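Please keep the sequence and the structure at hand while reading.

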Protein chains: 2
Amino acid sequence: MSDVFPLKLNPPNRILMGPGPSNVSPRVQSAMTAPLLGYFDPAFFKIMDSTTNLLRAVFQTRNKLTFPISGTGMAGMEAGICNFIEPGDVAVIGVNGFFGERIVEIAGRCGARVVKVAGEWGKPLEPEAIEAALKSEKKVKLLAVVHAETSTGVLQPLTEISKLAKKYGALFLVDTVTSLGGHEVKVDDWGIDISYSASQKGLSSPPGMAPFTCNDAALAVVQNRKTKVSSWYLDLSLLSSYWSEGSTARVYHHTAPALMVYAFHEALAMIAEEGLEARFQRHLRNGAALQAGLEAMGLTLFAQKGYRLSTLTSVRIPQGVNDAKVRQRLLGEYNIEIGGGLGALKGQLWRIGLMGYSSTEQNVLLFLYALEKLLAEEGYKVEPGVGVGAAVRSLRK
Amino acid sequence: MSDVFPLKLNPPNRILMGPGPSNVSPRVQSAMTAPLLGYFDPAFFKIMDSTTNLLRAVFQTRNKLTFPISGTGMAGMEAGICNFIEPGDVAVIGVNGFFGERIVEIAGRCGARVVKVAGEWGKPLEPEAIEAALKSEKKVKLLAVVHAETSTGVLQPLTEISKLAKKYGALFLVDTVTSLGGHEVKVDDWGIDISYSASQKGLSSPPGMAPFTCNDAALAVVQNRKTKVSSWYLDLSLLSSYWSEGSTARVYHHTAPALMVYAFHEALAMIAEEGLEARFQRHLRNGAALQAGLEAMGLTLFAQKGYRLSTLTSVRIPQGVNDAKVRQRLLGEYNIEIGGGLGALKGQLWRIGLMGYSSTEQNVLLFLYALEKLLAEEGYKVEPGVGVGAAVRSLRK
């Protein structure tokens with residue numbers, strides 16, 4: 001059975017404008033060629049400490065337990081739920097998209113009694129609906145919402161909901177997978193108790209790590225559980241013993257994926273150098289230009305005005321246009337990857353990411369140029385240059 | 001909070017001779033600088049298919065479900081247990097080391113009723129003891145053993161135990177974390193139903209992936225569960241929908257850590273080029289030379305003769321010698337990392353890995369030279385060159 005013929009590894013050079021991963025800076029990728037260290041090497045401890053420091057800055061938090069989980073964003077989601085829910089606990093979960101549904105699914109597997117607050121896909125959740133759900137239960141353990149719904153492109157305001165969590169004594173969990181590094185996320189100021197994200201979106205680190213933070217009150221909940229966390233791999237009380245900053249008594253849990261940590265560190269260092277505010281402005285400017293271009297082409301944006309992400313834009317596929325064909329041609333002829341609709345929105349939407357290293361003027365212009373051309377060839381009437389023109393005007397504002 | 005000062009990433013060049021990670025070939029590391037692909041890119045599907053093919057060859061299996069899990073070896077362990085155990089199921093688990101204990105811990109969290117078969121640390125498990133445990137229960141769901149105990153350096157023979165699993169109708173789970181890629185692992189011929197490993201040991205891929213395989217019968221057990229798998233992230237029925245080979249209808253589960261997959265693919269390609277048999281012989285030869293050298297120096301090997309791993313050698317720390325100091329000096333003066341004792345063996349053992357890219361003649365010779373010198377300086381009487389000499393004679397046999 002040894003006569004296998006490995007593929008010659010030669011992946012094409014894509015422009016990653018889907019819902020993630022975003023493109024990764026060459027500087028971040030070459031960090032992965034640095035010498036590998038063991039998980040107990042003092043030199044690795046220094047890199048861990050610098051990583052947690054940089055990550056705190058991005059989450060805008062002083063939370064001691066702030067570190068990257070050794071798995072993808074979905075491992076972060078699971079960690080954010082399974083550590084805090086014990087069988088029978090009540091979780092109120094806002095659902096206005098595919099990833100809200102996922103939180104419901106995972107909370108259910110952890111034994112939560114889930115109270116779903118259903119919202120319209122494409123619109124933010126209403127604090128009133130959330131309060132009604134919180135009020136209907138004697139004791140709510142966890143209130144969870146998605147900050148940036150990757151399936152719809154909606155940005156959820158958080159400050160009012162956070163006050164409700166405090167008022168009803170629930171831990172406030174926020175999914176920042178598609179916002180962190182592209183939109184402001186103020187964990188401390190906004191009263192967020194627990195948050196997870198993904199490395200490969202606004203942070204533009206390779207996929208494979210889940211940035212995580214929780215405050216001491218939330219960690220105490222984990223440490224005072226009556227039952228053990230179902231997942232040993234994601235048990236925060238064990239993980240915190242290894243990631244404890246400045247500690248000389250770190251306890252082995254699993255072998256740290258050191259090269260992923262190098263890349264993650266370097267991506268965070270680039271964010272520190274750019275500055276958070278400048279980074280958010282860049283995302284805002286490019287996102288607005290893309291959205292102006294799409295609307296000028298007569299297309300309909302899916303997310304409600306005023307609540308649109310700059311990291312991810314969702315747009316309705318015009319009637320009569322072949323979803324798969326357009327995406328295949330974007331990929332084949334322009335090397336541009338965008339995303340299709342998820343779940344109930346399959347075939348109805350395109351999702352265009354402008355995150356981290358992928359959020360550039362040139363990507364906005366090239367994409368609008370390519371889409372305009374392909375749509376015209378699909379029979380959709382569009383004036384040549386109208387999308388690109390609107391984007392340029394938006395960029396020069 | 002943006003005034004953080006990132007560390008300049010400049011890790012030292014270590015010789016990784018601990019229990020893992022092993023060193024990684026420059027070819028494997030530079031694979032991680034290839035262009036990043038999205039998880040639904042047809043070009044990535046080809047890399048996935050080639051990866052599963054190469055991994056089947058190393059596991060010596062035709063199992064359809066053979067793929068790397070997006071987490072470290074411990075995620076593999078958890079996947080190997082949580083998918084197959086439902087609350088109340090009986091698991092018979094062989095425990096003759098730290099990692100057997102971990103399987104017990106994780107199985108307990110999954111709700112298993114665990115029957116522990118305790119064996120002496122440093123010796124293999126006796127099939128008789130395992131049979132007694134199997135016989136004592138009406139229905140055993142899972143029988144689990146560790147092939148290569150990383151805490152003791154013992155290689156566990158599997159064929160007899162496998163027959164017992166069949167005889168008593170239990171799924172046979174084998175931890176091949178420290179054997180795969182360095183020792184023979186014949187999943188199909190040995191009747192192993194489920195096996196997981198780690199990327200960073202015998203395979204010499206960076207840490208962060210857990211190679212996994214299970215046969216159709218085991219997968220059917222997952223698909224016919226009465227309860228959902230507690231971990232959504234590690235649910236094999238979902239993961240198999242994404243990793244299904246040659247499928248055009250792959251279902252999104254999580255964003256694949258593409259750069260880790262590239263590295264993993266390249267490490268497997270290097271194994272295919274070396275040839276499995278040649279690779280096992282290299283490990284055997286270097287492991288034997290190391291062990292000959294240590295014994296010539298008057299040191300006591302911990303694992304029972306005849307059952308010693310070539311990937312990992314455990315040796316007793318001589319009386320009066322300072323464990324931490326010797327390891328610190330090995331690291332500081334020679335850049336050599338080795339491991340200390342785990343769990344009950346803390347302070348009693350050193351664990352020296354010779355795995356994958358780290359299993360070389362030069363590493364054996366340098367390590368013995370360095371250890372001899374440091375031990376002499378610690379007051380342990382040892383004739384200069386006796387260890388290295390014995391290793392050379394062993395290598396030239």
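## Basis of the report

The structure discussed here is a predicted model.

In chain B, seven strands make up an open sheet with mixed pairing, and their order is β2-β10-β9-β8-β5-β3-β4. At the edges stand β2 (65-69) and β4 (113-118) of chain B, each of which pairs on one side only. On average, neighbouring strands of this sheet are turned by 15° against each other, direction ignored. In general, the side chains of a regular strand alternate between the two faces of the sheet.

Two pairings may be followed in detail. Strand β8 (residues 171-175) of chain B runs parallel to strand β9 (residues 194-196) of chain B, and three bridges join them. Within this part of the sheet, B:D175 has B:Y196 in β9(B) as its bridge partner. Strand β3 (residues 90-95) of chain B pairs with β4(B) in the parallel sense, over six bridges. Here the bridge partner of B:V95 is B:A118 in β4(B).

## Helices and the sheet

## Two copies and their axis

Chain A can be laid on chain B by a turn of 180° and a shift of 0.0 Å along the axis, with an RMSD of 0.0 Å. The two copies are therefore related as by a two-fold rotation axis. Among the residues of chain A, A:G71 comes closest to the rotation axis, with its C-alpha at 2.5 Å.

## Where the chains meet

In the interface, 70 residues of chain A are in contact with 70 residues of chain B. Helices α1 (26-31), α2 (42-59), α3 (73-82), α4 (98-109) and α9 (258-274) of chain A each supply at least two residues of the side that touches chain B. The most is given by α9(A), with eight residues. By class, this side of chain A has 37 nonpolar, 24 polar and nine charged residues.

Why do the copies meet through the same surface? They do so because 100% of the interface residues of chain A are also interface residues in chain B.

Definitions and conventions: Residues are numbered from 1 along each chain as its sequence is written. Chains are lettered from A and ligands numbered from 1 in the order in which they are written. This is a predicted model: local features need pLDDT of at least 70, side-chain atom pairs count only at pLDDT 80 or more; totals for chains, interfaces and linings use all residues. Two strands pair if DSSP finds at least two bridges between them. Helices (H or I, at least four residues) and strands (E, at least two) are DSSP runs, numbered from the N terminus. Axes are lines fitted to C-alpha atoms, for helices over the stretch in contact, and angles run from 0 to 180 degrees between N-to-C directions. Copies are superposed by least squares on the C-alpha atoms of residues with pLDDT of at least 70 in both. Two residues are in contact if their C-beta atoms, placed from the backbone, lie within 7 Å. Ala, Val, Leu, Ile, Met, Phe, Trp, Tyr, Cys and Pro count as nonpolar, Asp, Glu, Lys and Arg as charged, and the others, Gly among them, as polar.
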